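Colleague: I would like to learn how to read a few features of a model. Could we go through them one at a time?

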Amino acid sequence: MTRLDAVIVGGGFFGCSIARYVSGRMNAVTVIEQEAELFRHASSINQARIHNGYHYPRSLQTAYRSRVNFQSFVRDFPECVVSSFTQLYAIGRRQSKVSARQFERFCNIVGAPWKPARADHMNLFDPRLIEAAYEVTEYAFDATILRDTLRRMLDSAGVEVRLRTRVERVETAGTSSRVFLSDGNELETKYLFNCTYAGLRHVPGLGPQFSTPIKQEITEMALIEPPDELRGLGITVMCGPFFSTMPFPARSLHTLSHVRYTPHCSWVDSGVDSPHPYATMAAYAGASKSLHMLKDAQRYVPSLAKARIVDSLFEIKTLLVRNEIDDGRPILMERCESPNTVYSIMGGKIDNIYDALDRLKADGL
Amino acid sequence: MTAPETSLDAFVSIVIPLCDAASRVEELVIETDRVVRGLFRHYEIVLVDDASRDETVEIVQCLQKSIENIQLYCLNRRSGLDVAMVAGLDNSIGDFVITLNPETDPLHLIPALWEKAQNGNEVVCGVRTDRVNGALRRLFYRTFEGATGLRVPRGISDLRLYSRRVVSYITQNNDRHLLLKVLPFFTSYRVATVDYAPVKRGNGFGDRSLSNALLSGVTILLASSIRPLRLLTVMSLLASTLSLLFAAYVLCVALLKRHVVEGWISLALPMAVMFFFLSTILGILSEYIFMLAQQSGNRPVYSITKESTSSVLEIQRKLNVVEGSGDFSKR
């Protein structure tokens, strides 16, 4: 048996960042990842948007934090940031939960920079469906570079990364946790961090302490080859059953996601006894909705008719049940103290990591 | 019927307005799904609930858990078949949009509509064989053609297929909810028709009484043409000219004739002058209303209070297959 100070289950962006953070305060730190590579799920398969607040006109709290975290992320990972495109936020004329005037006021309140979109950009939209469009400061990140950066950081901090390894079972042993791995090894650790995102409720032995209800959603994001006039552009239509298309640096394509068609189905996760969300997704047989997304989007941006659908990315999105009704995207941070210390941490957005690290710091870690 | 080759690429929306249809909506949706599933690879069934007072919405939301590609829009208040139809058209995303009245239109005609669209027609219209003849209908069609100069097939119904180009044209009109029946004929799209006898499923949208039909006929006439207003201007001008002539006649009588009944001049002259002013005012007003009518109508004709989408979880049906697969590298 190996004795460690901290074991982090899950090698996504949250797991790696937390491993890096605690390695500055502890000696023996190990990351356990079931896949053959870090960042194989939600950390890579998302819109690659570094949020800067614009997305949350109905949740000032989330917007403020987003603004702060944006600056930290851009400062800490400059090599991953892709800023070589223009990000446009357009306001839908019908069915939008926010008007152009409200959006401007909201941006001013949270101090998010904006200016009216250029005339040639305005011409991309159907004026009957789009009320206004704004050029804003928001970037994308390259998940591949981010993964390599984190891997380098972990290596230089002396953090051990065990790939292709699953946690079979966790047991409490006095003041520490015993972690039984799929390769037969056994670890004993003072601190245990569950950063498995979709698998949060599926680490055997870590179920009963934590009870915040979480919801799993099978989502689809289309990858498209945009027409020339949209190549250097990201477009997000707010705020209702609309869509978003923006550069996806890791594949040199654009993502296309749609509030109506991206979520395929969802269920409230009932824990270890129910099928693992990734197994559920692997068995999911629903047809792609990429054409639905494109057909709807080209009503708003007619030149999207020339876009070519290249691929679709399916991934599990994990949400707190309480956020179904509002825009807020807080992180979930559960802590179980006696007698061993176990954290269960789940964040909805990549730049939320700073909120998690601040909390760990406040806990004296 | 096997799907033609091009149907593989086309995205088709089927718009069905619903009103108090709880008793028949399930059968309708299942049947529609069966018909379009075999015909198209990419499709959506757009249901527009016209503020039903029964469980129509709940039943549809329940069906969304087992049938894919059902899109439901709920209107905030009862607005009638045409407005519900317009809401469906506005929000449909297909390259082709099929609309139908769920109470009367047979679903087995969808392949026939589609076949005609394949031949290059941009509008395919159902023609109800029971609505082709009748004196009032003939009068309506003749007056309509006279007022607008458009030719419309006799007996057209709500069973339609539009190309995206036609839908875009329709959605550009602010008064499309008034004119939906005839709008596609305003431009020279290629039109084909499909004859059919209506079925009777229910009457959620109410029976069409004679007075309703007359009212809607007058509405279509007035909304599709502002020539009646021009007629008013011409009549006012005519009346004011006649009043002026009459005033001149009264003056002549007053000056030239000796024995006039007492009080006639003081009664007739002011009346003639007043009628001159009145008809001139009416004429000018009608011209301004004419101009306003050309520009007006920026009100939204409906607002959507709720929408929901199919959410089919295949896994619920095959839990046993999943258990213990353990392969997480897929996708």
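Predicted model: local features only at pLDDT ≥ 70, side-chain atom pairs only at ≥ 80, totals over all residues.

Colleague: Start with the domains. Into which parts is chain A divided?

Modeller: The assignment for chain A gives domain 1 (1-48 + 142-211 + 330-365) and domain 2 (84-140 + 213-324). Their C-alpha centres are 29 Å apart. Where they touch, 20 residues of domain 1 of chain A are in contact with 22 residues of domain 2 of chain A. On the domain 1 side, that contact consists of ten nonpolar, eight polar and two charged residues.

Colleague: How far apart are the C-alpha centres of domain 1 and domain 2 in chain B?

Modeller: In chain B the separation is 48 Å. Domain 1 of that chain covers 5-225 + 304-309, and domain 2 covers 227-295.

Colleague: What else can be said of chain B as a whole, starting with its secondary structure?

Modeller: Chain B has eleven helices and eight strands. Of its 331 residues, 33% are buried. Its contacts can also be sorted by distance along the sequence: of those between residues at least 6 apart, 83% join residues at least 24 apart.

Colleague: How is a pair of packed helices described?

Modeller: By the angle between the two axes and the distance between them. For H1(A) and H5(A), the axes come within 10 Å and cross at roughly 25°. Angles under 35 degrees count as roughly parallel, and the two helices are therefore roughly parallel to each other. Their crossing is left-handed.

Colleague: Which residues of H1(A) and H5(A) meet?

Modeller: From H1(A) come A:Phe13, A:Cys16, A:Ala19 and A:Arg20; from H5(A) come A:Leu146, A:Leu150, A:Met153 and A:Leu154. By class, this contact has seven nonpolar residues, no polar ones and one charged. As a general point, an α-helix has 3.6 residues a turn, so residues three or four places apart point the same way.

Colleague: And in chain B, at what angle do helices H9 and H10 cross?

Modeller: The axes of H9(B), residues 227-256, and H10(B), residues 264-295, cross at roughly 160° and come within 8 Å. Angles over 145 degrees count as roughly antiparallel, so that is how H9(B) and H10(B) are described. This crossing too is left-handed. The residues in the contact are 20 nonpolar, eight polar and two charged.

Colleague: On to the backbone. What is the phi of B:Asn69?

Modeller: Phi of B:Asn69 is about 60°, a positive value, and the residue is not a glycine. B:Asn69 sits in the loop between helix H2 (56-63) and strand E3 (70-75) of chain B.

Colleague: Is B:Asn69 buried or exposed?

Modeller: A residue with 20 or more C-beta neighbours within 10 Å is buried. B:Asn69 has 22 and therefore counts as buried. Beyond its neighbours within four places in sequence, it contacts B:Tyr43, B:Glu44, B:Ile45 and B:Ser310. The C-alpha atom of B:Asn69 is also 7.3 Å from that of B:Thr309, which lies 240 residues away along the chain.

Colleague: What is the corresponding picture for A:Arg164?

Modeller: A:Arg164 has a positive phi near 50°, and it is a residue other than glycine. Its place is the loop between strand E9 (160-162) and strand E10 (167-173) of chain A. With 13 C-beta neighbours inside 10 Å, A:Arg164 counts as partly exposed.

Colleague: One last item. Which residues does the cis peptide bond join?

Modeller: The bond joins A:Met238 and A:Cys239, with omega about -10°. A:Cys239 lies in the loop between strand E14 (233-238) and strand E15 (243-248) of chain A.

Terms used:
Residues numbered from 1 in each chain as written. Chains lettered and ligands numbered in written order. Axes fitted to C-alpha atoms, helices over the stretch in contact; angles between N-to-C directions. Helix = DSSP H or I, 4+ residues; strand = E, 2+ residues; numbered from the N terminus. Parallel < 35°, antiparallel > 145°, perpendicular 65-115°, else oblique. Left-handed = near helix turned anticlockwise from the far one by under 90°. Nonpolar A, V, L, I, M, F, W, Y, C, P; charged D, E, K, R; others polar. Buried ≥ 20, exposed ≤ 12 C-beta atoms within 10 Å, placed from the backbone. Contact = placed C-beta atoms within 7 Å. Domains from an automatic or database assignment.
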